[in-house]
Amino acid sequence: TDDCGGMLRAFALSRAARLGAGCAAAGLAASQTECLGADARRISESCDAVGVDKSPSTGPRPLMEQLTNPPPFGSGASRFDMSTYGGRALHFLNVLGDPTTLWTSAAELEAHRDLLRRHAKGEKTGATDAELWRADKVVTATTRGETGEMVPAPFRFSFFAYANLVICAGLLRPDASLASAAFFQWLNQSYNAGVNWCNRSSGEGDIQSLATAYVAATGAALAIGVGGTALGKRAGGGIVRLTVPMLGVALSAVLNLVLTRRAELDGVPVYSTDGMELGISKAAGVLALTKCSEARILWTFLLLTVTPVLSGGALSALPSAISASPTGAMAVDLGVTFACIWLFVPLAMAVWPQRDTVAVSALEEQFQGLKDKQRRPIEFVEYNKGL
């Protein structure tokens with residue numbers, strides 16, 4: 001960003017390759033010395049040639065500005081500032097909180113992909129920035145980033161809140177019997193297994209692996225979840241009664257994730273920041289599962305602690321005719337549960353970028369001393385951690 005006096009801020013959004021292309025278009029070398037000494041007019045013409053913002057960098061954009069004033073569409077860029085937690089939270093709320101992407105057909109998805117491909121090639125598509133951002137959101141919400149295959153609608157995270165509306169309502173029942181707890185834990189873990197499998201970061205997998213992982217994940221998670229619920233009911237204190245089942249649900253969710261996506265422990269692809277695939281890293285696979293597990297623990301904690309408090313507060317604030325009615329109370333519980341899932345899952349996912357970065361020094365020996373396409377030493381690599 002500072003190499004060209006702050007005038008090439010948007011180049012950073014499309015990686016260093018676009019900086020090299022822009023300098024080349026203006027007949028400049030991409031080194032810091034020559035960029036700093038270059039004629040400002042020629043740098044400006046270079047920026048215009050590749051359609052980037054020449055304004056000086058002023059730090060992260062305010063969240064409201066990101067939400068209401070999207071930047072011009074750029075292939076490979078993001079509508080929101082993915083380098084900040086706030087930007088990532090808006091990204092996940094925008095992509096996962098929009099139910100209209102759920103009924104995207106295969107033909108519509110291909111049309112959106114074709115539009116983005118033609119735009120990336122520099123063809124004149126006639127599409128507005130809003131239409132291009134919409135196409136980008138639909139592709140992101142409906143496909144797996146690593147393979148591009150279409151995720152079945154029930155297992156997309158944009159459907160997650162709707163599916164868990166029933167599941168969490170059952171899990172949060174204070175008077176649930178052991179049989180009821182077992183059923184909702186099985187339903188929860190079965191659904192989680194499907195979501196984990198469809199949103200894995202590795203392209204590897206087959207039906208036999210899925211079946212094996214499903215039996216192991218749901219069996220072990222069911223035992224932990226039901227056992228935790230039973231222990232919680234026997235505990236004396238109110239905090240213990242809440243904490244023990246919550247730990248059981250969190251632990252079973254992590255176990256489900258790791259068993260369903262255990263193929264990633266054998267490694268996931270890693271890339272240089274200019275998009276060159278460098279190989280398969282087991283260390284990156286462990287990081288992917290670790291960070292996804294942390295997100296699940298966080299949203300489990302939020303859902304099983306905040307939701308009952310908000311639901312109780314809503315009931316106490318409503319007229320007694322509603323709160324005293326079993327139907328009215330159930331409607332309030334379900335409404336609050338849905339709102340909390342819709343909000344907390346994206347907020348937990350935003351803790352880590354989906355396209356994450358890790359220092360080469362934290363990876364295997366084979367990734368040490370590598371150079372990128374511009375023959376520069378590679379210090380950081382990117383990998384897709386999945387959802």
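A salt bridge, for this talk, is a side-chain nitrogen of Lys or Arg within 4 Å of a carboxyl oxygen of Asp or Glu. By that rule the count here comes to 10 salt bridges.

Some ground rules. This is a predicted model, in which local features need pLDDT of at least 70 and side-chain atom pairs count only at pLDDT 80 or more, while totals for chains, interfaces and linings use all residues. Residues are numbered from 1 along each chain as its sequence is written, and side-chain values use heavy atoms, with hydrogens and water left out.

I'll start with D98 and K137, whose side chains meet in a salt bridge at 2.7 Å, N to O. This pair links distant parts of the chain: D98 sits in the loop between α5 and α6 (106–120), K137 in helix α7 (residues 129–142), and they are 39 residues apart. Helices here are DSSP runs of H or I with at least four residues, numbered from the N terminus.

Are these two residues buried or exposed? Buried means under 20% relative accessible area, exposed over 50%, and partly exposed in between, with a 1.4 Å probe and protein chains only. D98 has a relative accessible area of 12%, so D98 is buried. K137 also counts as buried, because its relative accessibility is 12%.

Next, R261 and E264: their side chains meet in a salt bridge at 2.7 Å, N to O. R261 is buried, and E264 is buried too.

R144 and E149 form another salt bridge, with 2.7 Å between the closest N and O atoms. R144 counts as buried because its relative accessibility is 4%, whereas E149, at 39%, counts as partly exposed.

Now helix α9, residues 178–198. From first C-alpha to last, its 21 residues reach 30 Å, close to the 30 Å expected at 1.5 Å a residue; the expected span is 1.5 Å times one less than the number of residues. The helix is mostly covered, with 15 of its 21 residues buried.

Last, the surface. Y85, L298 and V351 form a nonpolar patch there, with about 230 Å² of accessible area together. Such a patch takes residues with over 30% relative accessible area and no salt bridge, and joins nonpolar side chains (Val, Leu, Ile, Met, Phe, Trp, Tyr) within 5 Å. Areas come from the Shrake-Rupley method with a 1.4 Å probe. Y85 lies in helix α5 (residues 85–96) and counts as partly exposed, because its relative accessibility is 38%.

How values were computed. Helix = DSSP H or I, 4+ residues; strand = E, 2+ residues; numbered from the N terminus. Patch = residues over 30% accessible without salt bridge, like charges linked within 9 Å, V, L, I, M, F, W, Y side chains within 5 Å.
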